[in-house]
Amino acid sequence: MARYIGRRLLYMIVTLFVIVVLTFVLMKILPGSPFDTERFEKLTPEQQAAALERYGLDKPIPVQFLRYLGNTLRGDLGTSFYYTNIPVTRVIFSRLGPSMLVGAQAILVGLAIGLSLGIVAACRHNGFVDNFTMVIAVLGISVPNFVVAALLQYYVGLKLGWLPIGFWKTWSCSVLPSLALCFQPLATAARFIRTETLDVLQQDYIVTARSKGMSQARLLLKHTLRNSIIPVITIMASMVVNLLTGSLAIESIFSIPGIGGLFTESVKNNDYNVIMGLTMFYSLFYMLTILLADVTYSLVDPRIRVAGEKEGE
Amino acid sequence: MKKTLCAVLLAVVLLTGCLGAYAEGDNVFHVYADRVFRTFNQVIGSDSHLFEVLGAISEGLLRLDENHNPQPALAESFTISEDGLVYTFILRDGLVWSNGAPLTAKDFEFSWIEAISDSENNGYADVIAPFLKNGVAFMNGEIEASEVGVKALDEKTFEVTLANPCAFFDRFITLPVLFPLNEEFYKAQGDLFATSADTILCCGPFIATSLDLSVGATMVKNEAYWDADSVKLDGIDFKVITDSSAALNAYEAGELDRVNLSSIDVLNFMGDPEFGTYSDFRNYYIQYDVSNPKMNLNIRKALNYAVDRETLCDAILMTGAVPAGGVVSQGIHGNDTQTFREAAGDFSYYDPDLAKQYWDAGVAELGYTPELTMLTAEGTDFNDMAVFIQDCYRKVLGIEVTIDSMTQKARNEKMKTENYDFALSAWGADYDDAMTWLELWTSESGYRGYHIDPEYNAMVEAARAEVDPEARLQIMINTEKKLIEEDCVVTGLYDRGFSFLQRSYVEGYITHPVGQPSEFKYVVLNK
């Protein structure tokens with residue numbers, strides 16, 4: 001297991017390097033400079049040259065890249081251009097919290113409701129709960145979350161006045177955005193767990209267990225869920241990354257100072273160091289989550305051995 | 001599993017430490033910024049929302065009143081020498097910073113030097129330096145700070161020596177970049193200066209209680225402020241709301257006392273007693289590439305006269321924008337009796353017959369009908385304007401102009417490095433004087449249409465050096481006339497407008513067309 005994880009981490013470094021190179025090149029192809037163009041245009045040519053030199057932007061792109069790589073390895077991600085001279089790590093971490101809170105709540109609520117609905121639906125196959133769950137699932141996947149967000153903001157926030165319509169003051173501000181985001185994981189979890197549970201419920205060992213008089217609850221929790229949850233873990237891994245790293249639409253509708261907005265801002269403003277910092281953060285986070293999901297498989301189902309690990313060795 | 005989930009949730013909650021206190025209560029004024037703050041540091045900032053915050057928590061020597069005229073603020077009075085070059089400001093007695101330190105003339109000397117000391121980072125260094133004696137030489141690192149015409153003579157006396165006499169210097173120094181800074185505090189905070197309410201000092205009508213670039217600012221009344229009696233609010237809640245419909249929802253939910261409307265919302269609220277409009281000194285204009293052979297003078301003039309600016313403002317933009325008579329905005333100071341525009345008359349206006357004549361002459365000169373492309377930046381204002389102008393050219397000149405829309409950065413890059421036909425662009429005044437626009441076209445860069453004209457540059461220099469205000473005004477009028485009417489390098493379209501809703505109980509909210517856009521000091525809530 002340790003060897004496996006070690007090797008995966010090594011691959012991750014290689015992947016990360018490729019991502020960094022690609023992002024750097026693509027970013028430099030973006031037209032424009034990170035400076036406030038209107039003001040920059042007013043500077044004399046000498047002042048413009050001095051500004052480019054100060055940030056190393058006068059050097060050829062390969063040199064700029066090596067310099068960036070060197071600084072990164074030393075743990076220095078540079079400073080933001082847009083947020084004048086603030087270190088990139090501080091910019092990112094100041095925006096990470098709100099996105100993570102909203103995302104985590106959305107996943108927890110979505111999973112809890114989605115899994116319950118899905119399992120009940122499978123047990124009452126073709127019954128009312130089943131049909132109801134499927135309608136929810138189809139709606140949850142097909143209605144974009146920003147539509148849900150706008151509706152929630154208008155009706156629950158503005159018309160009923162039950163919850164704040166946005167901003168970032170108290171915990172209650174995070175409820176509507178989390179609700180808006182939870183429908184997708186809810187629907188996905190419900191759909192997958194239902195299909196898998198239906199499948200597992202028809203297996204011989206379930207029929208045997210049932211014929212031996214095992215209670216429905218014990219049957220579901222002990223014998224069915226463990227087998228049916230594996231595909232959900234796969235799906236959820238990428239969804240967790242998406243949700244925790246923020247949604248531009250949701251953040252902008254509810255005025256949440258999150259990381260999704262930061263990413264778009266940074267690209268729009270050619271804020272090179274922030275783009276690079278965020279891309280690396282996203283990639284690392286994604287790869288670690290996938291790794292975590294793979295390791296989780298073997299915990300959920302001991303029969304699954306992570307690759308390369310042979311029994312008896 | 002449950003424990004893990006709890007742990008994750010707890011960790012996330014801890015991460016979100018910024019869920020914090022806000023100024024609350026009935027007598028708190030709720031406003032918003034429509035984009036995130038880039039910094040709260042006055043030295044490196046140039047953003048209009050930053051100026052609003054700074055105007056609330058800090059103050060300059062003078063402050064603009066509701067008619068945009070400067071009134072004594074931290075300076076109790078000032079005198080001007082006979083030659084108009086030396087300004088001597090006397091500070092009020094007993095001024096203090098929010099940490100109790102005395103506020104002295106030294107704090108002005110330090111901030112003014114700081115403001116022009118680092119041209120690449122400082123938003124306004126290149127604007128301010130030319131006004132001060134030896135300012136430009138210091139900005140370029142050629143001389144020491146002690147040689148700049150900025151001196152604290154004693155605790156209460158601040159003396160400024162100008163490079164040239166300047167009729168609007170008293171209005172100019174209300175710019176928040178020229179507010180005082182406590183040197184000891186500023187240097188002690190280093191990079192952390194103004195990154196939170198704890199790392200900034202206040203001396204204005206309000207004191208910052210929280211500052212967050214992406215959340216906003218909260219402030220409470222400053223009881224130690226010299227004019228605290230005039231301040232009726234308990235505090236200000238200045239949120240960041242980047243989405244315009246979210247802002248409107250917030251207004252309707254009672255979370256904002258004032259909101260700006262986008263064009264699409266204007267029709268719903270016109271005639272509402274809470275509805276209002278105003279315009280500021282940001283001029284939208286057409287920039288021609290004068291080095292482009294197919295853009296000959298007649299073609300440029302045709303494009304100038306063919307745009308129906310009235311309809312553009314009243315039916316398309318609908319946000320209170322006003323038709324421009326040139327690149328110098330309506331309302332810019334001229335002399336004691338007239339604005340610049342009133343004195344100069346209009347150089348940019350709609351005249352379809354004239355446009356057609358020039359077009360025919362231009363085509364005859366070229367020997368063919370040119371295919372033209374209009375460069376424009378993304379954004380509702382630019383998009384709506386581009387489509388409307390395209391339509392004007394179709395109706396008046398019978399031509400089909402291609403619209404090439406890209407990000408602002410990309411458009412600027414293209415204007416700078418390549419040839420183009422014409423582009424939609426804009427410039428906001430840095431100070432209340434025509435020179436803030438006229439000097440732009442001396443740069444000879446692509447961004448200014450590759451306009452290279454020694455005669456024009458000489459006129460700008462002559463205006464800079466002219467001591468007599470009337471003569472100076474006349475030179476500037478002639479300069480703009482040459483730029484637009486004679487050479488048609490550029491042509492004005494409109495001055496930016498804003499439509500807003502404001503609660504009927506709000507009084508004393510002042511907007512300024514240049515510098516600090518809004519003034520909260522005199523706001524009263526008659527709830």
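Let's start at one pair of residues: B:Leu375 stands opposite B:Ala423 in strand β16 of chain B. Strand β14 (residues 373-377) of chain B and β16(B) run parallel, joined by 2 bridges. When I say that strands pair, I mean that DSSP finds at least two bridges between them. Helices (H or I, at least four residues) and strands (E, at least two) are DSSP runs, numbered from the N terminus.

Before we go on, a word on what you are looking at. This is a predicted model, where local features need pLDDT of at least 70, side-chain atom pairs count only at pLDDT 80 or more, and totals for chains, interfaces and linings use all residues. Residues are numbered from 1 along each chain as its sequence is written, while chains are lettered from A and ligands numbered from 1 in the order in which they are written.

Back to β16(B). Which way does strand β12 (residues 275-288) of chain B run relative to β16(B)? Antiparallel, with 7 bridges joining β12(B) to β16(B). Here B:Asn283 stands opposite B:Trp427. Strand β16 (residues 422-428) is also mostly covered, with 6 of its 7 residues buried. A residue is buried if 20 or more other C-beta atoms lie within 10 Å of its own, exposed if 12 or fewer, and partly exposed in between, with C-beta atoms placed from the backbone.

Now let's step back to chain B as a whole. Chain B is divided into domain 1 (2-252 + 503-525) and domain 2 (279-498), with bounds that come from an automatic or database domain assignment. The C-alpha centres of these two domains lie 33 Å apart. Where they meet, 11 residues of domain 1 are in contact with 13 residues of domain 2. Contact means that the C-beta atoms of two residues, placed from the backbone, lie within 7 Å. The domain 1 side of chain B has 8 nonpolar, 2 polar and 1 charged residues. For those classes, Ala, Val, Leu, Ile, Met, Phe, Trp, Tyr, Cys and Pro count as nonpolar, Asp, Glu, Lys and Arg as charged, and the others, Gly among them, as polar.

Next, two sheets in chain B. One is an open, antiparallel sheet of 4 strands in the order β4-β5-β7-β6. Its edge strands are β4 (75-80) and β6 (150-152), and each pairs on one side only. The twist from one strand to the next averages 20°. For angles, axes are lines fitted to C-alpha atoms, for helices over the stretch in contact, and the angles run from 0 to 180 degrees between N-to-C directions. Helix α3 (residues 105-115) of chain B packs on this sheet, touching β5, β6 and β7, and its direction makes about 160° with that of β6(B). Inside the sheet, β5 (residues 86-91) and β7 (residues 157-161) are joined by 5 bridges, and B:Thr88 has B:Glu159 in β7(B) as its bridge partner.

The other open sheet of 4 strands has the order β1-β10-β9-β8 in chain B, with mixed pairing. What are its edge strands? They are β1 (28-33) and β8 (206-212). Here the twist averages 15° from one strand to the next. Between β8(B) and β9 (residues 216-221) there are 6 bridges in the antiparallel sense, and B:Ile207 is partnered with B:Val220.

Over to chain A, where it meets chain B. The contact takes 40 residues from chain A and 43 residues from chain B. On the chain A side, the largest share, 8 residues, comes from α5(A). By class, that side has 20 nonpolar, 13 polar and 7 charged residues.

Helix α5(A) has another neighbour to show you. Its axis and that of helix α11 (residues 230-244) of chain A come within 7 Å and cross at roughly 140°. That makes α5(A) oblique to α11(A); angles under 35 degrees count as roughly parallel, over 145 as roughly antiparallel, 65 to 115 as roughly perpendicular and the rest as oblique. Residues in this contact include A:Met100 of α5(A) and A:Leu243 of α11(A).

Two last stops in chain A. Is A:Leu262 buried or exposed? A:Leu262 counts as buried, because it has 28 C-beta neighbours inside 10 Å. A:Leu262 is found in helix α13 (residues 259-268), and it touches A:Arg95, A:Val274 and A:Leu278, not counting residues up to four places away in sequence. Just after α3(A), A:Gly56 takes a positive phi of about 70°.
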